[in-house]
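Hi,

Here is the structure I promised to pass on. Please take a look, then read my notes below.

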2 protein chains.
Amino acid sequence: MADQKKLVEEITSMKEDFAQWYTDVVKKAELIDYASVKGCMVIKPAGYALWENIQKELDKRFKETGVENVYMPLFIPESLLQREKDHVEGFAPEVAWVTHGGLEPLTERLCVRPTSETLFCDFYKDEVHSYRDLPKLYNQWCSVVRWEKTTRPFLRSREFLWQEGHTVHATAEDAQERTIKMLNIYADFCEQVLAIPVIKGRKTDKEKFAGAEATYTIEALMHDGQALQSGTSHNFGDGFAKAFGIQYTDKDNTMKFCHQTSWGMSTRIIGGIIMVHGDDSGLKLPPRIAPVQAVVIPIQQKKEGVMDCAASLADRLKAAGVRAKLDGSDKSPGFKFAEQEMRGIPVRIEIGPKDMEAGKCVVVRRDNGEKIDVALDALEKKIPELLDAIQNNMFEMALKHREEHTYKATEYAEFCDIIENRPGFVKAMWCGDRACEDKIKDDTRATSRCMPFEQEQLSDKCICCGKPANKMVYWGRAY
Amino acid sequence: MADQKKLVEEITSMKEDFAQWYTDVVKKAELIDYASVKGCMVIKPAGYALWENIQKELDKRFKETGVENVYMPLFIPESLLQREKDHVEGFAPEVAWVTHGGLEPLTERLCVRPTSETLFCDFYKDEVHSYRDLPKLYNQWCSVVRWEKTTRPFLRSREFLWQEGHTVHATAEDAQERTIKMLNIYADFCEQVLAIPVIKGRKTDKEKFAGAEATYTIEALMHDGQALQSGTSHNFGDGFAKAFGIQYTDKDNTMKFCHQTSWGMSTRIIGGIIMVHGDDSGLKLPPRIAPVQAVVIPIQQKKEGVMDCAASLADRLKAAGVRAKLDGSDKSPGFKFAEQEMRGIPVRIEIGPKDMEAGKCVVVRRDNGEKIDVALDALEKKIPELLDAIQNNMFEMALKHREEHTYKATEYAEFCDIIENRPGFVKAMWCGDRACEDKIKDDTRATSRCMPFEQEQLSDKCICCGKPANKMVYWGRAY
């Protein structure tokens, strides 16, 4: 077991230094590597396979609601970016600018898309004419660039992968309905597939998207008690439509402005998976998103029949729909165990001569370390059941953690004390004034995460200024 | 049928002006739209759905050979691009340069990747240490930018989508085997899925990829007799490995340089699908790649039961694994027919009151216009059979066209005459000198497309200079 120890000892413990633990896991589980351009990352096979599964699951859910995929250009002319005032103010300070094409200087600078509202609007203005053309429900999978000063793998990088949906509707009601529909898809995906419980709610004006009328968010709590904004859905009202001239002729033959939405989820959520589920042995992947769900590890693999038996177990599991893999490499079993734990593979199946004699194998759960003897002929039945049990347990553990780290405050001193000493979400009333949000951030480094759909009247006064308040807000420090 | 005529009349006939026909089809079949940045395109739902199917088919074939997907950054520092001499000479004149990040000028210019050899090499140099780490078989799906002066949708645009595979091997033999394996995957994909027959061969040194030791290609013939390079696979030997220092410790404990390959196919192939199969009524999609394989069009759809019957046919086909769609819109049947033809949907199924009474529907093939009565209860059996028949017929028609437009020449005057007056491939012998290739291009605008694997000894002297020659080359004008 010397190997195993070594591999695990190479990662910092969560308690000692959570940030370092995160970086260690990202590297040791071979999810990413740093690239030659500062702040950019190479997503390695184990990381990209996770993203492919996320794409597959989300894309299916989008298409079930009528969404179609398209692809917009990478570049936005400066004049186009400037068309919507709030939007350009929000993004211009952090975009990368292309000034030369080949050997020639460009007549107009192009920015590398930080998000594509302006491109979609420019496209829709010529595409939409009549109420018959509506709605348009388009989405794209692409990379975007934001020139961040400080970066962290997955959580904040200068380039990241995401999907951005952009829809156009005839009425404000239709746009609002779509905004919430997509938020619900994100929430269900996080809870059911990623085993990450989320709070659904609306962002305050201070925290909303540049150019949006309203931004809705799902917020998750990481293991260290910090929040992660995990997906957002924006209702633009007719603001962009007015800035870009996106109009349609309605049934009554009058010209009307369209209403729009946009919504996105990015590779950032992989950071969420790591920080919600991981532990001091490494990554812990929920079975429904894990690229490999079960790894079969032969014990005394050079003994006659062992390797064949292990291979046949992996094949049987694959035939039963389990994403199974055989680790037949010449590393020691101890090293393979540590690797399975580091990579977060939900179950490992150990099979050696003694097990074969007894007609069973040993199955070890990654979520709780439990070892279970499983009869070989029950494998196809037991492993899928176990994967479901692991999925559910991981969600329950994450939910329990969030509940244990969600606090209520009705006095400001208490509020500040919790933020400082008990990392987590703090529920508190807010009067609606930006000044209070600013003061809270200055005093505590906590931000308003969202005004949750499920409101509680904790008191009748603002946690900060004491004026009348009827909005309960989730507050917390965030990534 | 007035609608139908109108929609079709809007496209130029192939004979009149092939280039304009192509542009008309691309627009009218709603594959792309032009974007606000010159030379960039918006890929619309019908075009992107094609690309998604191409991705799905290729990705499956790649993974079956052990390839894993990754994601490399969008940006390449100028110094990194310059590391391999031939490579930078080939690409530097046509890259887009980022000079500012946010409000700050960058200390080093970054180019937007025109291809990612340099990034993969920079990554592999730290990733590969021992023979145990080899091979690495990575691929990425992404967009690349090349600042072309003249552009055409799909065929040549400043940004396009593609996949680029980059592999590292221990030996020259392994690299060569992988190079040919991937070329064969591209060829099989083109022939079996896209119904496009291809010539497999090797590029001359003049036409090979910047930095490659050898480039292999598949070449297809378009309807107008021009060639389209449809996919390439490069063997880099150890050239990049030496430039970037990618070395491994072999079993005998000596340090050796790796051998590498790269291979790519892009959205350009969609241009090939259009130009191989299309006709004066629009696009013609091979069933295996068509996003919609069958559209059900109700006739007299307001009559009782017609719409329900049409919907049930579409549902039955979907259940039988056919990508079927109901067109229940309030457009006229004639308009719907023209639209099905323009969009290249392989079959349409017409169902009206009289058909229902007779217990049948009318099935119209897009490939040859044939109308067939199909008994309603035989639909699940007949339509998949018909789709296979269409797929095969489309391949046979394309092959016949290519064979009828492939010529042999043994005299230079004859060669020039064919190139000028009978567009197609010309097979002719070549001595191997760059000077002859240059002269042929100057005289005829034809380039060497490839030295095919299947060689014929047409004569013993070079078509151009008359010196001894033992290489048969496919020549042609190309996109």
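Glu57(B), Leu58(B) and Arg61(B) in helix H3(B) meet Ile185(B), Phe189(B) and Val193(B) in helix H7(B). Contact here means C-beta atoms, placed from the backbone, within 7 Å. Four of the residues in this contact are nonpolar, none polar and two charged. (Nonpolar covers Ala, Val, Leu, Ile, Met, Phe, Trp, Tyr, Cys and Pro; charged covers Asp, Glu, Lys and Arg; the others, Gly among them, are polar.)

This is a predicted model: local features need pLDDT of at least 70, side-chain atom pairs count only at pLDDT 80 or more, and totals for chains, interfaces and linings use all residues. Residues are numbered from 1 along each chain as its sequence is written, while chains are lettered from A and ligands numbered from 1 in the order in which they are written.

Back to the helices. H3(B) spans residues 45–64 and H7(B) residues 172–193; their axes come within 11 Å and cross at roughly 140 degrees. That makes H3(B) oblique to H7(B). (Under 35 degrees is roughly parallel, over 145 roughly antiparallel, 65 to 115 roughly perpendicular, and the rest oblique.)

Now chain A. Ser116(A) sits in the loop between strand E6 (104–112) and helix H6 (117–127). (Helices, H or I, have at least four residues and strands, E, at least two; both are DSSP runs numbered from the N terminus.) Ser116(A) is buried, with 22 other C-beta atoms within 10 Å. (Buried is 20 or more, exposed 12 or fewer, partly exposed in between.) Leaving aside neighbours within four places in sequence, Ser116(A) contacts Met72(A), Glu164(A) and His166(A).

Best wishes

Note on methods
Axes are lines fitted to C-alpha atoms, for helices over the stretch in contact, and angles run from 0 to 180 degrees between N-to-C directions. Two residues are in contact if their C-beta atoms, placed from the backbone, lie within 7 Å.
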